[in-house]
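Here are a few friendly notes to read alongside the coordinates.

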There are 2 protein chains.
Amino acid sequence: MAAKRANYHHGDLRADLVEATRQLVEEKGPDRFSVSDACRAAGVSTAAPYRHFEDRDEMLLAVCAEAMDRFHALMLEAQAGHARGTLEAIIALGRSYIQFATSEPGVFRLCFGIAREHGDNFEMTERGMRNYGILLSQVAAFFGKDAVDEEVMDRAFPLWTMVHGLSFLLIDEKMEALNLNHDVDALIRDNTRRLLAN
Amino acid sequence: MAAKRANYHHGDLRADLVEATRQLVEEKGPDRFSVSDACRAAGVSTAAPYRHFEDRDEMLLAVCAEAMDRFHALMLEAQAGHARGTLEAIIALGRSYIQFATSEPGVFRLCFGIAREHGDNFEMTERGMRNYGILLSQVAAFFGKDAVDEEVMDRAFPLWTMVHGLSFLLIDEKMEALNLNHDVDALIRDNTRRLLAN
DNA sequence: AACATATGTAAGAGTCTCTAACTTTGACAA
DNA sequence: TTGTCAAAGTTAGAGACTCTTACATATGTT
C-alpha cells in the first residue's frame, strides 16, 4: 500500500486502510491515530475512507476485529503443544496473552481499552467469548470436567485478571518506572499455579 | 468555577482548570477530553490555559498527580482498620484499588494508561512508588519481615497485577460484555489468599 | 453502447491545539 | 500617590483533523 498509484480506483482500499491503521495505532497509539495519516499512507484523499467506514472509530474497530482473530490463532497454537487440561497448557495460554500484549501494545490497548465501542457490538463480544472460551475449556479439563460450570468460571476468571493486569503493567512500563525486576515467565507460571491450587 | 465572572483576572484559574479537566476526563474519557471544553467550563478563552500549562498533556498530568495523592489517602484509610501484616489488611488495600478504579474510571485509566508522560516524570514515579510501597510494606509484615527484600517483592507484585487486571476488566465492562457473573469482593479475597499461599 | 453503481476527488464547514501580539490588572518602588 | 512591570487575561489566526456534500471516473450488466 502507499505512494502513488496509476489507477483512479485503488484495488482494495478497505484492506489497505485497515493495515495502515493497524501500523499507525502501533506507532502512535490508538488515541494519536488519525484518519488523515492513514489516508496519506494509503495514498488516497481524506474523504476516501468514508466510502468504507462510518467513521474513525469504525476503522479502529476493524483493526480490533482482525487482531482478535490473530490472537485466537496465537492461543490455539500455544495450547497445541501441550496435553489438554494440564497446568502447562494453561500457562502456555497465559504466555500467549502476554506475548500478544507486548508484541503489539498499541493494538492490545485498542482491543481491551475501549469499552464504548465493544459493549454493544455483537461481532466483538463474540470474538471475545471465543477467545476466553479457549481458557475456560482448558480450565474445565484441568478440573476433570466435561463442561464449563460455575466452579470452572470462578477458577478461570482470576487467571484472566492476572495476565490482563500483567500485560498492562508491562506495556505501560510500570516495572521500568518503579525499577522492579521480575521474571515474566516465572510470574506467569507461579501465579497460574497458585491461582489454580487449593 | 464557571459561568461568567466580573473580574478580568480569574482568582485561581490553574486549580479550576485542573478540576474542570478532571470532571471532563471522567465524563468523556482521557482521549475525548479537550482543552476547549475545560476553558468553557472555567469561563475563559482557549488561550488562557497556556499561561499555566505547557500543553494539553500537562493538564492531564496535573489531574493525574492530584488523583495519585487521593489514591494514596484512600489506601492509608483502607489499611488503617486492620492489624498490620494481616491478610485482611492486604485485602483491604486490594479493595481500595478496585474502588478507586471503579469510582473514577476515567481518571484511573488516565493514571495508569499513559506510559509516555510518566516514564520520564520523576514526580509521577515517586507517587507511584509511594503508593506501591504501602502494599510492599504490608506484604513484608505478612511474611514477618522488617524490610522489603526480594521475596517480598516477588510475592507483592502478583497482587498488583491481579487487582490491576481486575480493575481494567471491570471498567472496560468485560464482565457485562461476556455475561460473566462474579462477586468482586470474593474475587479479591480468594485471589489474594491464593497468591499469598504456599 | 448506455446506464447504474461503486468508489474515488475537491472543497469546505466546524472543531481542535497552540502561538503571537495586544490588553488589563495588581503589586511594588519611588 | 503615582509610574512601571510582570502576570494573567483576550483576540486573531495558522495549521491539523473529522466528516459532509457535490462532483468525477471507473466497472459491470444488459
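1. A word on the superposition to begin with: copies are superposed by least squares on the C-alpha atoms of residues with pLDDT of at least 70 in both. Please keep in mind that this is a predicted model.

2. With that in hand, how is chain B related to chain A? A rotation of 180 degrees, with 0.0 Å of shift along its axis, brings chain B onto chain A at an RMSD of 0.1 Å. That is the relation of a two-fold axis. If you want a place to look, Gly165(B) is the residue of chain B that comes closest to the rotation axis, its C-alpha lying at 1.7 Å.

3. Next, the contact between the chains, to which chain B gives 35 residues and chain A gives 34 residues. On the side of chain B that touches chain A, the elements giving two or more residues are H6 (115-119), H7 (122-142), H8 (150-171), H9 (174-177) and H10 (184-196) of chain B. H8(B) supplies the largest share, twelve residues. By type, this side of chain B has 18 nonpolar, eleven polar and six charged residues.

4. Do the copies meet through the same surface or through different ones? Of the interface residues of chain B, 97% are also interface residues in chain A, so the surface is the same.

5. Finally, a look at helix H2 (residues 35-42) of chain A, where Val35(A), Ala38(A) and Ala42(A) are buried. These residues are on the same side of H2(A) because they cover an arc of only 60 degrees around the axis. The buried residues of H2(A) pack against helices H1 (13-28) and H3 (56-80) of chain A. After H2(A) comes Gly43(A), with a positive phi near 70 degrees.

How values were computed. Residues numbered from 1 in each chain as written. Chains lettered and ligands numbered in written order. Predicted model: local features only at pLDDT ≥ 70, side-chain atom pairs only at ≥ 80, totals over all residues. Contact = placed C-beta atoms within 7 Å. Helix = DSSP H or I, 4+ residues; strand = E, 2+ residues; numbered from the N terminus. Nonpolar A, V, L, I, M, F, W, Y, C, P; charged D, E, K, R; others polar. Buried ≥ 20, exposed ≤ 12 C-beta atoms within 10 Å, placed from the backbone. Arc of directions from axis to C-beta.
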